Amino acid sequence: MFCTRRNLMTGIAAIIANRSSSYVRIFQTVAEDIMKFPCKPYSIDHSDLPGACVTVSTKALSQKEKICDVAMRSNILSNTFLSRQHMTPEVALHLITPECAIYHQPIGADFPFKNDPFWGFYWPGGQALTRFILDYNDRFRSKSILDLGCGCGASTIAALQVQASHVTANDIDPVALQATLLNVEINGVMNESMLSLNESNLVGCDSELINCDIIIIGDMFYDKDIAAILHPWMQRLARQGKEIFVGDPGRHGITETSILREMDHIVRYTLPNNVCLENNGFSHVNVWRFRENL
């Protein structure tokens, strides 16, 4: 079993706590002889969301920045496997699977990524949300969507596939944003006018700054501490008319808090056997809709 999973609670908590103000890296076009899937330009819009969003300009990146982006991209491709073995086989994803050497590699000095690569796993809540978007596409078509903690970008891809008007993929790990771009491209839904990336820690930020119709949150209720931060923030967003969907297989932040009193159950999915084995025996996953509590 991939060693990162044994540090799930502490690892995610450390990442969530990192309120980095570093800007979102803008990935430029690279030659096909460098990469199997070359980078393509995309737009990043800072008019809707705070913090790390910047606007693409004609100013060229420094050579160091270009090398860094290419190296990050190459690192992902070298350490992942293109997989459809999940609940949404219509979406191909670069994932860390048992076929990958780092799946079995302890975290240490020789590990290829600075942070635990949570983006390399397709967590159950994310699978449920992505399946839900594809199955109930009318609810998302022509809507603006924030994919909070986007990870591998599967829900972002599904939203683009069902013709959302705009999708903001948000993750505080810049490698996750690069992985999202790779996955968007390989699925053929790259549209620079419909996709933005955001590297800010948006959880708990001024809800007035979140400009979207729908927020999707997958697998973030991993303990009661993060639930205590998410819950009041979601309440503020709901009062402003945001529609919020949560994907979760039954983690402590859902089952051991009062948040279920403010959520309507939408759909329950059975997890494939391989997903059950990789996720501590969870057998089902739910999609909930958070409702405004007046």
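In what order do the seven strands of the open sheet run? Thanks for coming, everyone; let's work through that together.

A word on the ground rules. What you see is a predicted model, where local features need pLDDT of at least 70, side-chain atom pairs count only at pLDDT 80 or more, and totals for chains, interfaces and linings use all residues. Residues are numbered from 1 along each chain as its sequence is written, and side-chain values use heavy atoms, with hydrogens and water left out.

Now the overview. The chain has eight helices and nine strands; these are DSSP runs numbered from the N terminus, with helices being H or I of at least four residues and strands being E of at least two. Of its 294 residues, 56% are buried. Buried here is under 20% relative accessible area, exposed is over 50%, and partly exposed lies in between, with a 1.4 Å probe and protein chains only. The accessible surface is about 12,900 Å², and carbon and sulfur atoms hold 50% of that. Those areas come from the Shrake-Rupley method with a 1.4 Å probe, and for residues only the protein chains shown count as cover. Among contacts with a separation of 6 or more, 72% are between residues 24 or more positions apart; a contact means heavy atoms within 4.5 Å.

Back to my opening question. The order is E5-E4-E3-E6-E7-E9-E8, and the pairing is mixed. Two strands pair if DSSP finds at least two bridges between them. Strand E5 (195-198) and strand E8 (263-270) are the edges, each pairing on one side only. On average, neighbouring strands in this sheet are turned by 20° against each other, ignoring direction. For angles in general, axes are lines fitted to C-alpha atoms, for helices over the stretch in contact, and the angles run from 0 to 180 degrees between N-to-C directions.

Let me pick out two pairs of strands. Strand E3 (residues 144-148) and strand E4 (residues 166-170) are parallel partners over five bridges, and Leu146 stands opposite Thr168 in E4. E6 and E7 also pair in the parallel sense, over five bridges, with Gly218 opposite Gly247 in E7.

Next, H3 and H4. Two packed helices are described by the angle between their axes and the distance between the axes. The axes of H3 and helix H4 (residues 154-161) come within 9 Å and cross at roughly 5°. That makes H3 roughly parallel to H4, the cut-offs being under 35 degrees for roughly parallel, over 145 for roughly antiparallel, 65 to 115 for roughly perpendicular, and oblique for the rest. On the H3 side the contact is made by Gly126, Leu129, Thr130, Ile133 and Leu134, and on the H4 side by Ala154, Ser155, Ala158, Ala159 and Gln161. By class, that contact has six nonpolar, four polar and no charged residues. Nonpolar covers Ala, Val, Leu, Ile, Met, Phe, Trp, Tyr, Cys and Pro, charged covers Asp, Glu, Lys and Arg, and polar covers the others, Gly among them.

Why is H4 described as largely enclosed by the rest of the structure? Because seven of its eight residues are buried: Ala154, Ser155, Thr156, Ile157, Ala158, Ala159 and Leu160. Just after H4, Gln163 takes a positive phi of about 70°.

Let's zoom in on two residues from that contact. Ser155, in helix H4, counts as buried at 6% relative accessibility. Beyond neighbours within four places in sequence, Ser155 is in contact with Gly126, Leu129, Thr130, Ile133, Asp147 and Ile216. Gly126, in helix H3, is buried too, with a relative accessible area of 16%. Setting aside residues up to four places away in sequence, Gly126 touches Ser155, Gly218 and Asp219. Its C-alpha lies 7.8 Å from that of Ile217, 91 residues away along the chain.

That's my tour; happy to chat about any of it.
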